[in-house]
Amino acid sequence: MSFDTVIFESAGSLAVAVLALFMTLLQTLFFIRRPQFTWYLWGAAISLCALVYSFAIFIEYNTSQGTLDHFSGLLEWTAIICLIHILYGFTFAYLGIKSKKYHLFAGIFHGILLILLWSTGLFVAKTFTIRHFSNLPFPYIEPGLGPLGPIFIAYAATAAVIAMIIWIRNNNVVPKNRNIYLAGMGIWILLGIHDGLAAMGLPTLQYFMEYGSLVFAIAVLWVLSNDFLELEAEEKYRLITEFANDCILVIQDEKLVFGNPACNDLIGQSIAHWETQDFLNLMPPEDQERVIKNAGDLLNGARKPDAYVIHIRNSDKEEKCVEITSSLIQYRARPAVLSIVRDITERTLAEKSLRDSEEKYRSMMDAMSDLVYICSPGFEIRYMNPAMINMVGRDATGETCYHTIFDQGAPCAWCPWSEFRKDEISETEIIQPNSDRSYQVTHSPIFHENNSVSHMIILKDITLTKQLRQQVLRSERLSVTGQLAATIAHQINSPLQGILSLVNSIERSYAQDEKLSPKISLIKQGFVKIRDTVRQLLDLNRPGKEAKQSVDVNKIIEDTLGLLNSHLLKNHVEMKVALSPAIPTLHASPQQLGHVFMNLVTNAVEAMTGMSKSDDALEKAKPTERSIIAIKSEVKDSMIILTVRDTGPGILEDDFEHLFDFFYTRKKEKGMGIGLALCHGIIESHDGSISASNAPEGGAVFTIKLPIK
């Protein structure tokens with residue numbers, strides 16, 4: 001190729017290459033003068049890629065198919081691969097984004113692409129494609145696309161668009177610089193997409209991406225050069241800083257090159273001709289290190305640090321607390337640190353006093369075993385003490401109290417904003433739905449200076465207190481009822497003995513009377529029933545009369561089930577028994593414990609067969625399809641735990657309070673309501689406890705706890 005054969009249409013590509021060379025040299029000089037700003041080097045690399053790409057296009061214009069034309073194609077793709085990596089390097093450096101991992105992984109990836117590009121035909125084929133552009137009087141010959149060529153074109157376009165998004169979303173760039181950069185990059189991307197489509201067969205005039213590369217390189221150069229132009233506006237802002245209340249400092253080359261009058265007022269003397277060390281000497285050593293580090297980070301291209309607080313001593317040896325906010329600027333065509341120093345001494349003292357007060361208050365709240373939380377008028381939790389966090393299972397600050405704590409879809413009915421006056425202390429009693437525990441709730445308003453009102457809620461767990469109170473009341477009722485029953489039994493027992501003697505006398509006198517004998521037998525059967533009832537009434541007042549001995553609880557259960565086997569088969573009841581072999585022997589009455597298990601199993605059978613409930617109770621209850629009784633024994637916390645569970649309709653809520661009371665029953669036709677009361681007395685005489693509940697899957701559960709002695 002000679003200058004005589006160079007076609008006129010390729011002059012634009014050559015001009016782009018020359019301009020790109022000039023911009024590469026200019027930005028390289030920028031980097032040599034300010035090596036701490038690496039974006040100058042990345043900008044030079046962008047211009048260099050534009051140079052290489054444009055020069056390769058120039059060669060393709062003026063060569064026919066052959067080695068040189070294929071080499072120019074490889075050179076174009078090399079420039080694009082490098083430009084993608086350099087584009088992100090410039091973006092991360094200028095925007096202050098950490099990019100070590102990107103350069104490691106992306107560098108490896110792009111290196112692999114370059115190796116594949118130059119060693120295979122996956123991206124650029126060794127065959128040639130002839131393009132007939134409408135404005136060219138000759139065919140344009142270039143290497144054809146390899147099988148991965150279209151995929152790489154899509155990758156390049158996507159990478160460029162993502163880089164634009166990063167610039168759009170970043171707010172740390174001067175809008176003017178960002179807009180120019182995005183405009184140049186947008187033109188380059190559009191022309192790149194155009195050339196990519198043309199390479200895949202789109203009819204067009206010719207390739208234009210070298211011009212897009214030039215526009216983008218010019219935009220980058222403009223952004224980097226614009227920092228220098230901002231110095232012209234420095235004098236416009238000097239007058240404004242003269243009247244600022246905050247101290248405004250400019251630090252450059254370890255000197256305070258500018259300070260407004262507020263700095264003199266803060267320090268108590270003029271800071272003219274001060275060195276940086278003079279300002280640092282006002283601070284304790286740890287604050288000096290912090291200021292030096294933040295200034296160094298700014299000058300080294302790191303991201304702008306957040307505002308921080310230090311202490312200084314003015315000329316009167318008075319300690320002041322100041323807040324420093326620093327930024328990197330261009331001052332007189334060179335980088336400098338602009339620091340705004342605000343005196344926050346009074347604010348700090350007020351905040352410390354408030355923190356001390358809050359700390360005392362918080363320490364008191366943290367030490368409380370009661371559950372405490374504070375919420376806003378909008379039901380948003382602002383504070384939870386450790387006891388409340390432990391109950392909820394997490395720190396739910398910011399969530400709504402009625403949903404998180406009480407599992408409600410709306411404010412609770414007892415809530416102070418729903419029922420009570422907001423500005424008064426109030427108390428109420430609730431049951432927590434998730435745990436069925438009872439709490440005494442104290443509501444106390446907290447008034448703030450801005451006339452807003454927060455609310456402190458204290459929940460005192462009174463579940464055990466209520467249970468103990470109920471046990472005392474039940475014991476008192478059992479005692480009174482037992483005494484009454486015993487009194488009645490004694491009153492009945494004396495006449496019964498006289499009646500029995502008279503009946504026996506009549507029976508002996510008329511033993512041969514066939515008509516009278518059956519009637520006497522019926523009288524004696526009725527007497528036996530009355531006598532058994534009297535004995536049961538007497539047992540209510542003396543449940544522990546039988547002698548106790550060393551017994552095997554598991555064997556008592558097995559013997560009881562053996563006695564009830566025919567009864568269970570008759571009623572089609574399935575037994576599931578899980579008895580732990582670790583159950584120790586117990587000092588107890590085998591007859592009484594056997595009576596307890598027989599009563600519980602019999603009640604369960606009646607519940608599942610519909611004999612133990614009134615019609616109203618059965619209508620409300622929902623029994624399961626299978627009749628199963630499960631008995632389990634285990635040892636836990638030095639206690640023998642025995643459970644009897646059935647699949648019946650369960651226990652109505654109204655029955656729980658009176659379940660173990662004398663003469664309380666829902667049996668349709670028979671029963672005096674003393675079975676469970678007698679069981680309760682027997683278990684208590686063995687220093688144990690018996691309780692009832694409903695299983696989540698349905699059915700009643702009776703739990704017996706006996707201490708191991």
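Reply: A residue is called exposed when its relative accessible area is over 50%, buried when that area is under 20%, and partly exposed in between. The model is predicted, and by the rule used for pairing, the count of salt bridges comes to ten.

One of these salt bridges joins the side chains of aspartate 297 and lysine 293, with 3.0 Å from N to O. Both residues belong to helix H11 (residues 285-299), and because they are four residues apart there, about one helical turn separates them. Lysine 293, at a relative accessible area of 52%, is exposed, whereas aspartate 297, at 25%, is partly exposed.

Another salt bridge, at 4.0 Å from N to O, is formed by the side chains of aspartate 370 and lysine 460. This pair links distant parts of the chain, 90 residues apart, since aspartate 370 lies in the loop between helix H12 (345-367) and strand S8 (371-375), while lysine 460 lies in strand S12 (residues 453-461). Aspartate 370 counts as buried at 18% relative accessibility, and lysine 460 counts as partly exposed at 41%.

The side chains of glutamate 697 and arginine 645 also meet in a salt bridge, at 3.2 Å from N to O. Here the loop between strand S18 (689-694) and strand S19 (700-707) holds glutamate 697, and strand S17 (residues 639-646) holds arginine 645, 52 residues apart. Glutamate 697 counts as exposed at 55% relative accessibility, but arginine 645 counts as partly exposed at 37%.

Finally, Glu318, Lys320 and Asp343 are linked in a network of salt bridges.

Methods:
Residues numbered from 1 in each chain as written. Predicted model: local features only at pLDDT ≥ 70, side-chain atom pairs only at ≥ 80, totals over all residues. Heavy atoms only, no water. Helix = DSSP H or I, 4+ residues; strand = E, 2+ residues; numbered from the N terminus. Buried < 20%, exposed > 50% of the residue type's maximum accessible area, 1.4 Å probe, protein only.
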